[in-house]
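Student: I am new to this structure and would like a close look at a single part. Please start there, then show me how the rest connects.

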Amino acid sequence: MKDKTIMLGNEALARGAFEAGVKVSAAYPGTPSTEVSENIVQYKEHIYSEWSPNEKVAVEVAIGASLSGVRALASMKHVGLNVAADPLYTASYIGVNGGLVLIVADDPGLYSSQNEQDTRAVARAAKVPLLEPSDSMEAKEFLKFAYDMSEKYDTPVIVRTTTRLAHSQGMVELSDRQEIPDRPYEKNIAKNVMMPGNAKGRHVFVEEREHRMAEEGCEFPVNRVEYNDRSVGVITSGIPYQYVKEALPKASVLKLGLINPLPRRLIEEFAASVDKLYVVEELDPIIEEQVRSWGIDVIGKEIFTVQGEYSANMLRSAVLGEAQDFDAPAQAPARPPILCPGCPHRSTFYVLNKLKMHAAGDIGCYTLGAVSPLSVVDTTVCMGASISTLHGIEKARGSEFIRDWVAVIGDSTFMHTGINSLMNMVYNQSKATVLILDNSTTGMTGHQDHAATGRTLMGDHTYAIDIMGICSAMGVPSVRMVHAFAVDELEKAVREETAKDELSVIVVKEPCALLDKSPVTVQYRINQDVCKRCGMCMRPGCPAITKAADGTISVNDTLCNGCGLCGSICSFGAIERVEV
Amino acid sequence: METKNIMIVGVGGQGTLLTSRVLGGLTLHAGYDVKLSEVHGMAQRGGSVVTFVRYGEKVFEPIVEVGQADVLIAFERLEALRYAHFLKKDGVLIVNDQRIDPMPVVIGAAEYPEDILETLEKKHRVLRVNALEEAKKLGNQRTFNIIILGIAAQHMDFSKEDWLQVIEQTVPKKTVEVNKKAFEVGYQLHA
């Protein structure tokens, strides 16, 4: 009997990589894809895995490994694929030697992303095949199939997941690892060097490949027809398949695993054998529009939304017209994500708020600097954009205009793409002030190492790139370091650097409050005899400090992390440090 | 058997993850098909966290929807209020009697509702516990979620032996004994 276990979608993908004989894996963390790499580490005797500084680098590492003749993987979230779009589009032309697969996780419902883009559209544009599993077991099996496909059709393959699949657990049957011998490396300039003359020929190949896969894809085991009552047929894939089975148990279903290129003949046959045809797909009408373009009448986005996640209840209501007779949710104050108790970013944003600064923000926990009560961050676009957008503002409106502006970017995000933007500031003579909030980790995604932490994904000690050294070496005239909880010094540093007529970097250093897992030994308490109830200590918005109905302010001893920010801003010395 | 729907709600950082790990192990142990789903994007940052557990002969959808939960386990009062409409008419609501103020309350933009439990009791079968206090009595605060699971165990389809065995396999070795005790405390509380 095969071993059965429960696995997270991402864990099952990692297992799939192991079973498929993958030898190299590269990634940059991004919710909801991060656990793929975190789980691949357990197979480190078989798979070399790394955190690359960004997704473009990760995909290029995987391309190199594939060219050399081994099976290779890169994984990322949907917006990470934008960063890696450049290598992807051309890797499509080059094809592979050893199998090359990209796991890309979309985020319908925007649980932790800046947009709701649909990776299936990218696969179409890049002309690479895309497979979409609908549970953990399929995630593992489809990944293995993706490698066979990659090598058979000489193409990179995308395996697309969504948050709900990546972060759901389901039953998985384990298999052994296939040992795939390294393919010989042969120099092949016409195939692997994409200059115009060669690329012309490869483009012809890519188009032929798409046609071949669309035809042969009709027989792929990843697609499945479940005939039932033929008055209603549904074309679906991925997680929405589960909602269809739950809400419409009698319908006939064409469950697609191959989303690009679509297996046209299979779809046409299915469409011809049912009376009424629905396409159920989250996000954009990728399947629907193609099917419609073949002259097939389908019902899709006119009744289903292009936003957010679907559910069985939603289908019951949209397809069956069932009234939804449920209690309305109670009125309850929202509980938005917040900076943790003891978070060093709170201290930084407290100072910036006090100085009435604007901030060009970036992607990370510190995006939460935009929320009340500190509300410092003015803009957040994408990884690395804080520095470059501030540069744009300066070039448009002049350096006086940005006198009360800074860019805020985390250490991991700085290493990702912020470094390029800072290079641009030096080169194009910016006079801006950049705060690198160095908490010694990739915080938001759950503490992954990066090029400046001194440790690799596989746990080896390595050279920790010196962030201040890089800034100086690039030619930033003023580079200084301040500890995040040294509030007065931080305030002084921000005042001085923003007043200067030259580019400055302030590295605000303090490890993430959650990095040290040992029990809290120091906390703060409010001495009620001294407290004037002025509410000053509540300004930074620490969740551990609360005010009772009678006006008494106190520190919650299950939440306080002992950072001392409240103590250092109390003018009356009412907040005392205690050993616990 | 009809698919059983369990929901666990709480505040990021409260340790709902361990709870769902135990439930997952248990359903597997008992030979059911199971799906668990939890979205933990920014959840670590003090936001509202929801975990769904569904088990039965064959489970499709990984989420529990409004009006479907057989058991709703709330680690915090306000979260109980927020998700109570997910309960079936005859569903059971287990509430850890703890208050964690969300940011709108901290900054005075909203008020923490009074009498949440009384309001909920008018409509649902509510089992209360101050799990943190009970856990402190056992000398290990972190066992509070196992105490809550002990209460839930009375309303699910697994034997006490199965629960204890899975807890033993899931928690850190050093804490096996105290967690078994914690389970017993919960198991007897509303028995």
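Student: Which residue meets the side chain of B:Arg77 in a salt bridge, and at what N to O distance?

Tutor: Keep in mind that this is a predicted model. The partner is B:Asp97, and the N to O distance is 2.7 Å. Now place the two ends. B:Arg77 sits in helix H2 of chain B, while B:Asp97 sits in the loop between strand S5 (87–96) and H3 of that chain. The two are 20 residues apart, so this pair links distant parts of the chain. Is B:Asp97 buried, exposed or partly exposed? Its relative accessibility is 26%, and B:Asp97 therefore counts as partly exposed.

B:Lys160 has 22% relative accessibility, so it is partly exposed. B:Glu184 has 27%, so it is partly exposed as well.

Salt bridges can also share partners. Over all chains the rule counts 56 salt bridges. One of them pairs A:Glu309 with A:Arg164, at 2.9 Å from N to O. A:Glu309 lies in the loop between helix H13 (286–293) and helix H14 (312–320), and A:Arg164 lies in helix H8 (residues 163–166) of chain A, so the pair ties together parts that are 145 residues apart in sequence. A:Arg164 counts as buried because its relative accessibility is 5%. The cut-off for buried is under 20%.

Next, go to where the chains meet. How many residues of chain B are in contact with chain A? The count is 51 residues of chain B, in contact with 58 residues of chain A. Together the two chains bury about 4500 Å². Of that area, 61% is on carbon and sulfur atoms. Polar pairs cross the interface too: 17 residue pairs are in polar contact. The rule also finds 4 salt bridges across this interface. One salt bridge between the chains joins the side chains of A:Glu246 and B:Arg54, at 3.2 Å from N to O. Which elements of chain B supply at least two residues each to the side that touches chain A? They are helix H1 (16–29), strand S2 (33–38), strand S3 (48–56), helix H2 (77–83) and helix H3 (103–106). S2(B) gives the most, with 6 residues.

Now turn to the backbone of chain A. Most residues other than glycine have a negative phi, and most peptide bonds are trans. A:Pro32 is in the loop between strand S2 (24–27) and helix H2 (34–40) of chain A. Another cis bond runs from A:Asn260 to A:Pro261, with omega near -10 degrees. A:Pro261 is in the loop between strand S12 (258–260) and helix H12 (264–272).

A:Gln429 is not a glycine, yet its phi is positive, about 55 degrees. It lies in the loop between helix H17 (411–427) and strand S17 (433–438) of chain A. With 63% relative accessibility, A:Gln429 counts as exposed. A:Ser440 also has a positive phi, near 65 degrees. Its place is the loop between S17 and helix H18 (467–474) of chain A. At 26% relative accessibility, A:Ser440 is partly exposed.

A:Ile189, A:Val193 and A:Met195 make a nonpolar surface patch of about 250 Å². A:Val193 is in the loop between helix H9 (189–192) and helix H10 (196–216). Its relative accessibility is 36%, so A:Val193 counts as partly exposed.

Key: Residues are numbered from 1 along each chain as its sequence is written. Chains are lettered from A and ligands numbered from 1 in the order in which they are written. This is a predicted model: local features need pLDDT of at least 70, side-chain atom pairs count only at pLDDT 80 or more; totals for chains, interfaces and linings use all residues. Side-chain values use heavy atoms; hydrogens and water are left out. Patches are made of residues with over 30% relative accessible area and no salt bridge: like charges are joined within 9 Å, nonpolar side chains (Val, Leu, Ile, Met, Phe, Trp, Tyr) within 5 Å. Accessible areas come from the Shrake-Rupley method with a 1.4 Å probe; for residues, only the protein chains shown count as cover. Helices (H or I, at least four residues) and strands (E, at least two) are DSSP runs, numbered from the N terminus. Buried means under 20% relative accessible area, exposed over 50%, partly exposed in between (1.4 Å probe, protein chains only). Contact means heavy atoms within 4.5 Å. Buried area is the accessible area (1.4 Å probe) that two parts lose on being put together, summed over both. A polar contact is a pair of N or O atoms within 3.5 Å; within protein, one must be able to donate a hydrogen and the other to accept it, and residues adjacent in sequence count only if both atoms are side-chain atoms.
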